[in-house]
Amino acid sequence: MVDQTSGAVSSLLGILSAAVKDEARLLSGVEGDIQFIKDEMDIMNGFLMHLDNTEVVHDEHLRAWMKQVCDIAYMAQDYIELYKRDLTPPEGGGLWASMRHLRLYLQTIPTRHSLAHKIRELKVRVREVGERRLRYDVKLPNVSPKLKPMPVAKDSLIEEKSEDFLRALEEAQEAGGGDVPHHSPSFSRAISMLPSDLVTDEARKLIDHILYMLAGHAHARKMLLCALYTCYPYEIVEKLKILKKRLDVKRAPLPMEVMLFSYDQLPTSYKSCLLYLAVFLEEDSISRTVLIRRWLAEGLVARHEEFQTMEEAGEQCFSELVLRGFLRPTSGTVTISGLKIKRCTIMNESVRDFIIRICESENFVSGTLPIHLRLQDDIRKLVKRPPPQQHQVQKQWPWNFCGNNYCAGGIPKKPQHNVSELTAGDNQTVDQDDGEVMRHPMDEMADKLKRLPQLYLINVLDLEGAKGLTNRHLKTICTKLSLKYLSLRSTEVSRLPRSLSNLWQLETLDIRQTDIRDTDMEHMFLPKLKHLLAGRIVVNDELRLRTVRMPRKLGRGMEILRHVNIVHGKAEVMEKIGRLKQLRKLGVVLDGSKDNIMHFLNTISIMKLSKCLRSLSVWIAEEETASATARGVAVTVPLDYREDIENAPFIPPRLPNKLESLNMKGRLGGSLRRWIKGPDKLSKITLRDTKLTRDGLNALGELKHLRCLRLLRGSYTETEITLRKEEFQDLRLLVIDHVAKIIAFESGAAPKLEKIVWTLDRVEIVKDTIEGIGKLKSLKEFELNCDPNNPGLHHVEETLPRRLLKSGTAFRAHQSS
């Protein structure tokens, strides 16, 4: 309970500090109330920090008091944020923007007076909670403090050691260490890689004994060793003794005790992120990026390193939960070391039960979620619920020819609803069996939002995949809620209402895979927006990307901007991107004009993006399709793209030094070797319609940290791909899509390659289609997408190592699309 309450209070203190600084704009008397609340919460936070730093059992009085503090913290955060909403003047914009803000400021005075009254009531509640602690003698425990676990900084060397440790665990399980009592020899290598404090004789005996008791619980064994590998070793031997005693008396199922042991070693912020998974208990698959951005929107992530961004801290938390066995990847059959997991799910039912149990112990009412998370969960269930089947409603005449609901022939007639009785605009249908009017789930969601208190503050609204979501529903959302995260991905929304600007706190807007008009974002200004995700891929005769134009005004905190259309490629538009000092991921759509490309190259090299940009995605459209580009449609460059761009005399500027991911569709001019000469951290490259030559492939092979290479249609001009000796030394994943007819691996090439995905055109496979694949000692999976009836398919099977043929998933042949 301490972890959740302390996190809520810490978040509130940051908001209160900012509000006190703006006291000149506050209504009379409010600044004193906010200052009082801040002072009281400071004292309460110190009390909670002391509790959090001690090993003590919390009695019922203490738990009840912490629950009250947590409720007040959430309530105060809502009130203060809503009160400040219309106090913040616009960033830039000139005199006209200031005048518009003044009008809004005057219009919202009644609302802020109401909120000021609630803040005064909140002040009284805060005072009562502080007095209640003294009245019931809730004291600080007089025990020695404990050292708090802290995440270990991640770098490439530590990641490689973690991969070696996980491989040692896999080898132990394959040797039988996961299910039989004779485990010591199997786990010896993994145990030897634990921190030095755990390799002593005493610690080794304790670990061996606990592993023996966990015989038959393979996942619990792995979770125990992973917890020991990542935990802070302070007093860990004493904690192992406590775990051994708990397992001896079997107070709870053995896996549950191991999960509790692992949970206790997590940092406070990681515990909060783990418990947030209670919202996803019914989800079969969870996007990594969605989960991390929702953590950020809820304020659950804490930064533990000075130069670490919040999203990097979220990535680190996600990796820790995967390593400890609370989450498992769902993308593909093989988890490729060194590459980020795209999608995950909660490990198993025992982990789900553990999360529910911890939520109950954290004093959530009757095992349910807090009110703001419960609302998210209810809305998500409505999103996943299929809409009712559409049946035509028969119109009723004012008179009934059959009379008494009987048709000709005396056959009873079911009662029908007159179309005038159905609410205008509602997606209502009539059940064929009993005539009952069934409401659309999105209408139920809109009603639920309308019943909320005025200006209800909820941080996250995930509507991805909602069927029947209309512009009318979206207007209700923008009017009733104050959001930090809004996902409209894969919905039927076609317009963004002007009321979207009411979401002044919005940090993430996801409109991917929608038909939203290309001009809807151009004049929209959301001052706190950090992540704008747009673009819909359309596959017909050629690949197209339909997206929105870049907004004319962007907040200074923009971190992710992809994909946006740069209309006409004016230099001033590019300069706006160059002024984004925190931009980490950029995706743009450009027309094929040389001037446009030159402006873009200057932006990413001369401007200050080079200090922060990590991911770059560029679509080059044909110059002849400029009108289509202006409408938000980008067409990838065909193979006969104008040669004057490729052979232009200018030398393209070097890419940013810290760039890690490059996605190119079309050619930006100059050879690829000159393009990738700058960054030394490139780990993922995707190419399409780039007309790569043998020289360009050799340049890719020289990259020291390249782990994922995807060569898609039109990216390579030769008919054979040969990975030569000493090339691609760190490559883990190779994807070849409708490129080349022959793949060859020389001895010493790609020694760490783990997975190959190859999609072939409709050509006959011959004996020499694949050469040297047996030399890839690290290869775990080979996926071939072609006609399963191809007469030469057996040539591939003859070429593959036996270890890939033993498993039904190691070698797979699919019908190519």
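Guide: About 70 Å³ of space lies in the largest cavity. A cavity here is a set of points, on a 1 Å grid over the protein atoms alone, where a 1.4 Å probe fits but cannot get out. Its volume is the space filled by probe spheres set on the points, with grid points joined across faces, edges and corners. The structure holds four cavities of 30 Å³ or more.

This is a predicted model, in which local features need pLDDT of at least 70, side-chain atom pairs count only at pLDDT 80 or more, and totals for chains, interfaces and linings use all residues. Residues are numbered from 1 along each chain as its sequence is written, and side-chain values use heavy atoms, with hydrogens and water left out.

Now the lining. Lining residues have an atom within 4 Å of a point. For the largest cavity they are Val279, Phe280, Glu283, Arg294, Gln376, Ile379, Arg380, Val460, Leu461 and Asp462. By class, five are nonpolar, one is polar and four are charged. Ala, Val, Leu, Ile, Met, Phe, Trp, Tyr, Cys and Pro count as nonpolar; Asp, Glu, Lys and Arg count as charged; the others, Gly among them, count as polar. Helix H16 (371-384) and strand S7 (460-462) each supply at least two residues of this lining. Helices (H or I, at least four residues) and strands (E, at least two) are DSSP runs, numbered from the N terminus.

Next, helix H12, residues 268-275. Eight of its eight residues are buried, so H12 is largely enclosed by the rest of the structure. Buried means under 20% relative accessible area, exposed means over 50%, and partly exposed lies in between (1.4 Å probe, protein chains only). The buried residues of H12 are Thr268, Ser269, Tyr270, Lys271, Ser272, Cys273, Leu274 and Leu275.

Then a sheet. Three strands form an open sheet in the order S1-S3-S2, with antiparallel pairing. Strands S1 (286-287) and S2 (327-329) stand at the edges with a single partner strand each, so one side of each has no neighbour in the sheet. Two strands pair if DSSP finds at least two bridges between them. S2 and strand S3 (residues 343-346) are joined in the antiparallel sense by three bridges. Leu327 stands opposite Ile346 in S3.

A second open sheet has three strands in the order S22-S24-S26, and here the pairing is parallel. S22 and S26 are its edge strands, each pairing on one side only. Four bridges join S22 to strand S24 (residues 742-745). Ile721 has Ile743 in S24 as its bridge partner.

Ile743 also turns up beside Thr769. Thr769 touches Lys741, Ile742, Ile743 and Trp758, leaving aside residues up to four places away in sequence. Contact means heavy atoms within 4.5 Å. Thr769 sits in the loop between strand S25 (755-759) and strand S26 (770-771). Thr769 is buried, at 4% relative accessible area.

Leu804 makes a second contact site. Leu804 lies in helix H26 (residues 802-806) and counts as buried, at 1% relative accessibility. Beyond four places in sequence, Leu804 touches Leu779, Lys780, Glu781, Phe782, Ala810 and Phe811. Leu804 and Leu779 are 25 residues apart along the chain, and 8.2 Å separates their C-alpha atoms.

Some backbone points deserve a check. Most residues other than glycine have a negative phi, and most peptide bonds are trans. The peptide bond from Arg562 to His563 is cis, with omega near -10°. His563 is in strand S15 (residues 560-565). Lys691 has a positive phi, near 50°. Lys691 is in the loop between strand S20 (684-688) and helix H24 (694-701), and is partly exposed at 24% relative accessible area. Glu726 has a positive phi too, near 70°. Glu726 is in the loop between strand S22 (720-723) and strand S23 (733-737), and is exposed at 54%.

Last, the whole chain. The protein chain has 26 helices and 28 strands. Buried residues make up 51% of its 817 residues. Among contacts with a separation of 6 or more, 65% link residues 24 or more positions apart.

Notes. 1 Å grid on protein atoms, 1.4 Å probe; cavity = no way out; pocket = protein on both sides within 12 Å on 5 of 7 lines; lining within 4 Å.
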